[in-house]
Each structure stands twice: as C-alpha cells, then as structure tokens.
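I opened the notebook to look up pockets and helix packing. The entries follow the order in which I checked them.

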Amino acid sequence: MADDPIPSAATRPPSSPAPTPGASSPADRVEGPESRWFGFREVDPGTKAPMVRQVFDSVAGNYDLMNDLMSGGIHRLWKTTLIDLIQPKPGMTLLDVAGGTGDISFRFLEAAGGPAQAFVCDINEKMILVGRDRAIDRGVVEGVDWIVGDAEKVPLKSRSVDVYTIAFGLRNVTRIDAALAEARRVLKPGGRFFCLEFSRVVLPVLRDIYDRYSFTVLPRLGQMVAGDREAYQYLVESIRQFPDQQSLVGRIEAAGFGQVRYRNLTGGVAAIHSGWRL
C-alpha cells in the first residue's frame, strides 16, 4: 500500500536490552539476488560486506557533508518525516541499524521529550567513532549506546526494542532478507519497523534529471570532497540495484511483518517503508 498515513509507534515502559553476542536468526543464511552485486559488479557474496565496509571507511569523515551536498539538504527533511511518523515518547527504546553517525538516534532522543534509549548499531567502526564524536560535541552522553555489529546478526536480545530503524543502510546489506528477519526478532510484539531508503522515482521527468545528476555529478562530488570517486559511484549504482517500493513491501511481509506500507518522498527519490511486529 502506498502513501497511506503511517500510525505512530506505541508507547511502552522503559526497557534496557542487553547486547547478546552471537544472536542469530533462522534467516541468517538467506541470500537474495542483491547478495552477489556490488553496485553493477557481480561479486562473490562472501566478499561483498568487506567491500562495502571499505567504502564507508573511505567516506566516514565526510559522510554528513556529502549527504548535504548530494541531496541539497533534503535528506534532513526526509529524516524529520521519519521521526514524525515514529512519534517518539519517553520510555521508548530505539535500535537504529546502519546509523553510525547518530542522525536518527539524536533526533529520536530529542523528540522523545523525556528519558528514552537509543542503540546505534553499525558494522563500520569508523562510522561509529564519527557518531560518538558528534554525540560528545552535542553533549549527548546519556540515553545512547554505540555497537559495532552486523544488520544480519544484531547483538541484542530478542523482543527487546520498541522501534527499529534503518536509514540509507538496507541497500548495503549483503542479505536483505536476513536483516529483515533480524529486525523482527529484536522488536517487541507491537513494535514498529521503519526503513528510509532511496527508491524508484515515479515521475518520468524527474527520473531523467535524477539519473543524469546521479551518474555525472555525484561521483565528481565524491572525488572533490571525499577524494573517492569510486565510493560514490558504488553508492549511486547500489540505489539502482535496490528493490523498488512494491518489491520491498513483499520482502518485508515475507519476513513476518504486518500492515506493511510505504510513503514516497520527493517523487520516489526516497521512500519510508513501515511494518508492525505482530
């Protein structure tokens, strides 16, 4: 279902999930077609994660600046929309996967308006270090924990969080279905799943402009600002390889979520998918 209002996440008592090393799900070996593609290059699925990690090692220091340059700052509005849909409240617990720089977690804690907990989980240690530095700069010393961990094998207990978010990270996961299964595992019954990700542009005129911009301007910006054209070439290609809106709905439903829907943003340049952990 597209463009329907998305109900807010329910308020729950404070919870303190403890990391559980080695937590796994039955789906941790599931491989979709994306597992063998690194951008437009076909690779062995076993080599994809280290290759993605190398990309984010390269861009970590300039990640937030590049997001502003690439989107003209629009990504900030998309993230605001995501937080508005979550409607954070005191006592809620968030797991933000692939959230190394802390953007979503900082917004969540501020919007909660009272004691809340955010766990930031990212496979890339350099991204986590950037996020920790940003937290110190902002004076955020309580309510957020930083975890180096894999989206396909999250080191948290089952049924331990109220809200799961992954923003601009699912397309970089080797096995999307395994990550979705893990999202359901760590959510409490009645918890909410949210994925903010680049998607398929639905307006023909905008699609042509967006394609030209993506494949010509963005790699050049990557070279000029981050000194790494290839990293941003990969990021552009990874967007094109990611499932379209309706295909992702089907995969989220297959992972066991109910009432799955999506909302297009900026004509489908990005989309927010959501589902309930029933």
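This is a predicted model: local features need pLDDT of at least 70, side-chain atom pairs count only at pLDDT 80 or more; totals for chains, interfaces and linings use all residues.

How do the residues of the lining of the largest pocket divide into nonpolar, polar and charged? I find 15 nonpolar, 11 polar and 8 charged.

Residues are numbered from 1 along each chain as its sequence is written, and side-chain values use heavy atoms, with hydrogens and water left out.

Largest pocket. I read a volume of about 470 Å³. Its lining has 34 residues, and Ala98, Asp122, Ile123, Gly169 and Asn172 are the closest to the centre. A pocket here is an open set of points on a 1 Å grid over the protein atoms alone, where a 1.4 Å probe fits, with protein on both sides within 12 Å along at least five of seven lines; lining residues have an atom within 4 Å of a point. The volume is the space filled by probe spheres set on the points, which are joined across faces, edges and corners. I looked up the elements next: α1 (45–59), α2 (63–71), β3 (93–97), α4 and β4 (117–122) each supply at least two lining residues. The most come from α1, with 6 residues. Helices (H or I, at least four residues) and strands (E, at least two) are DSSP runs, numbered from the N terminus.

Second largest pocket. I read about 390 Å³. Of its 23 lining residues, Met70, Ser71, Trp78, Phe198 and Tyr210 lie nearest the centre. Two or more residues each come from α2, α3, α7 (204–226) and α8 (229–241). By class I list 16 nonpolar, 5 polar and 2 charged.

α2 with α3. I find an angle of about 100° and axes 7 Å apart. The two helices are therefore roughly perpendicular (65 to 115 degrees; under 35 is roughly parallel, over 145 roughly antiparallel, the rest oblique). Axes are lines fitted to C-alpha atoms over the stretch in contact, and angles run from 0 to 180 degrees between N-to-C directions. Asn67, Asp68 and Ser71 of α2 meet Ile74, His75, Arg76 and Lys79 of α3, with contact meaning heavy atoms within 4.5 Å.

α3 with α4. Helix α3 (residues 74–86) packs on α4 (residues 103–112) at about 45°, with axes 10 Å apart. That makes α3 oblique to α4.

Technical notes:
Ala, Val, Leu, Ile, Met, Phe, Trp, Tyr, Cys and Pro count as nonpolar, Asp, Glu, Lys and Arg as charged, and the others, Gly among them, as polar.
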